[in-house]
Amino acid sequence: MKLHRISAVTERVLRQIWHDKRVLVFMLMLPAIAMLLFGYSFSGDITDVRIAFIDEDNTDLTESILESLQQDQAFKVTVLETVDDPEQLLLSEHYQAVIRLPDKFTSLYYAHFAMGVATSAQGTIDLTLDESDPQVAATIRMGLADAMMDLGEGGPVDIQARELYGVEVRFIDSFAPAIMGFVVSLISIVLTLLSIVREKVDGTFSRIWVSPVRRAEFILGYVISFGLIALVQSLVVLTIGKTVFDIVINGSIFWAFGCTILFAVGSVGLGTLLSALAQTESQAIIFFPLVILPSVLLSGMMWPVQAIPRLLRPLTYIVPLTYSNRLLRAVMVKGLAPWQEPVGFIGVLVFVVLTIALASVVLRQSAGERE
Amino acid sequence: MSNATAIFQADGVVKKFGDLRAVHNVTMAIPRGEIYGLVGPSGAGKTTLIRMLSGLAAPTSGSVKLLGSLMPIDRRVVEHRFGYMPQERAVYRDLSIAENLLFFGQIYGMTRSRIAERTRELLSLMKLSDRCKQRADRLSGGEKQRLSLACALLHEPEALLLDEPTIGLDPALRREFWGHFHQLNSAGRTILLSTHYLNEAEWCDRVGLMQHGGLIAAGTPNELKAQAAKHSGQASLDMEEVFLILTQEPVAGGVS
């Protein structure tokens with residue numbers, strides 16, 4: 001193993017990327033675009049849900065429920081005097097919910113509270129809900145429950161919540177680590193795959209394998225190039241995350257970079273592995289959706305693994321990004337050390353060892369069937 | 001044939017790809033200082049034989065030696081001492097001429113200053129000096145081929161394996177290439193090359209005719225001519241006729 005041969009391969013790969021401005025721009029823009037696009041469109045924070053609010057009781061209590069709802073950024077509350085048919089109102093005015101607090105709501109509420117279970121009369125909120133979008137509907141239910149909770153000590157239940165891992169974690173906070181893993185692995189896999197298939201097509205592979213370059217040196221050269229690229233891409237994601245979305249990073253930034261680079265190494269291995277299955281560049285392109293789709297759909301990047309149907313869930317465990325997501329979220333959002341998230345950490349390590357070992361076998365075959 | 005001074009040597013070499021017999025029972029020995037030409041049509045087994053000599057492929061049976069080392073097993077011993085020019089032009093199309101040479105120099109452990117020196121020498125020899133910063137995919141076919149040859153010569157190997165080095169070149173450029181080969185040869189390099197231009201066989205010290213994976217005739221151009229003349233009873237044959245007679249194909253029929 002000679003350093004000058006490893007660095008020769010690294011320098012060459014980086015030069016090639018530097019020359020191809022399209023690849024260079026793609027490489028740097030992809031993390032930026034992914035962050036901005038996903039960050040804005042999938043921020044998960046629902047806003048501007050139109051609600052009609054009818055208060056027939058007009059007490060301090062009902063007033064404070066209205067205030068809570070108005071303060072909730074999810075809702076745009078329209079206060080109406082009366083309503084004949086809430087369903088009709090919902091349909092004709094395109095409200096997503098009509099909330100009606102009937103007459104005597106307050107007195108019944110306090111009576112029930114004072115007398116406990118002894119009384120059957122309870123304050124009732126009349127909620128008419130558009131269920132066509134379950135996420136919106138759930139937001140309304142939650143908002144209403146929150147408003148009730150805001151009544152505080154006056155209310156029947158006081159929930160004492162302990163929010164772990166610091167400040168309230170928003171969708172974008174846990175999305176940034178996933179974007180980092182996704183972008184870095186996508187670039188490493190695709191560029192390694194294309195680069196090695198090109199070496200085969202153009203015949204430069206023959207030159208390399210008659211030269212003193214060893215397989216391990218070749219792989220290491222690629223690994224170092226893409227490790228460096230991964231570092232740059234992580235910086236882009238974190239910079240945009242911090243400046244545009246003000247994401248919360250509770251953990252060590254060095255662990256974050258370390259884990260991302262580790263994942264890039266495995267991705268280089270996977271790209272090399274896939275190169276064995278393609279003889280031409282157009283054959284290689286077939287693998288792109290095979291890499292991208294499971295990563296986006298099954299890794300817990302867009303929605304939690306728990307939201308994936310049971311039948312498909314075992315598949316999530318063969319998607320490398322699943323482990324990277326767990327690991328990077330633990331490191332960045334929860335502020336843990338890598339080994340404190342053993343499933344993610346070991347998963348990524350196994351991914352690295354397995355793909356690099358197999359890549360080495362694959363290269364032996366492309367190097368001629370000589371050993 | 002166990003010639004101790006042979007640079008390239010094959011003993012009863014067979015190479016099969018499944019049922020296909022790419023190289024069949026080839027035995028040859030090329031001593032130091034020779035230009036040896038493997039001549040024959042496409043698919044005759046020339047490339048496979050050269051790949052085995054370079055250590056890129058292992059023979060199915062028989063043995064292959066390069067500079068006295070058994071290939072591919074002992075290739076590490078001789079990897080610095082030979083240069084190989086694959087049939088594909090085998091340069092990085094997205095790198096410049098200088099960057100291609102830099103990479104191939106670095107993997108042979110040459111220093112940057114030595115690479116720069118050799119790059120200057122080779123590019124002026126190949127008349128590419130003014131194209132130094134040009135990306136390889138912007139070069140003409142002939143320029144790319146000159147770059148490819150330069151990559152094989154960069155680390156000053158004593159033995160050269162050149163697979164179809166003149167393929168696709170115009171006649172003037174082919175003569176220029178042959179000028180380089182003879183110059184390298186007189187500087188002590190041993191060269192084994194393949195070609196399917198039969199007139200190039202005349203410019204080799206010795207020629208091996210290959211057909212269907214076998215070496216059907218070998219010798220100096222004049223020896224082959226004499227052999228063909230004896231066969232056919234005709235005198236003053238050119239290499240094309242020699243090839244057709246020795247491969248026992250009818251001369252008539254306007255073969256080009």
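How many helices and strands are there in chain B, and how are its charged side chains paired?

Modeller: This is a predicted model, in which local features need pLDDT of at least 70 and side-chain atom pairs count only at pLDDT 80 or more, while totals for chains, interfaces and linings use all residues. Residues are numbered from 1 along each chain as its sequence is written, chains are lettered from A and ligands numbered from 1 in the order in which they are written, and side-chain values use heavy atoms, with hydrogens and water left out.

Chain B contains eight helices and 10 strands; these are DSSP runs numbered from the N terminus, helices being H or I with at least four residues and strands E with at least two. Along the principal axes, its C-alpha atoms fill a box of roughly 60 × 40 × 35 Å. Of its 256 residues, 54% count as buried, where buried means under 20% relative accessible area, exposed over 50%, and partly exposed in between (1.4 Å probe, protein chains only). Among contacts in chain B with a separation of 6 or more, 65% join residues 24 or more positions apart; a contact means heavy atoms within 4.5 Å.

One buried position is T166(B), because its relative accessible area is 0%. T166(B) sits in the loop between β7 (159–162) and α6 (171–186) of chain B. Leaving aside residues up to four places away in sequence, T166(B) touches Q145(B), R174(B), F177(B), W178(B), F181(B), T195(B), Y197(B) and E200(B).

As to charge, chain B has 29 positive and 27 negative side chains; Lys and Arg count as positive and Asp and Glu as negative, with His and the chain ends not counted. Side chains of opposite charge can pair when their charged atoms come close. A salt bridge here is a side-chain nitrogen of Lys or Arg within 4 Å of a carboxyl oxygen of Asp or Glu. The side chains of R114(B) and E156(B) form such a bridge, at 2.6 Å from N to O. R114(B) belongs to helix α4 (residues 112–125) and E156(B) to the loop between α5 (141–153) and β7, so the pair ties together parts of chain B that are 42 residues apart in sequence. R114(B) is partly exposed, at 26% relative accessibility, and E156(B) is also partly exposed, at 38%.

Methods
The place of a charge is taken as NZ of Lys, CZ of Arg, CG of Asp or CD of Glu.
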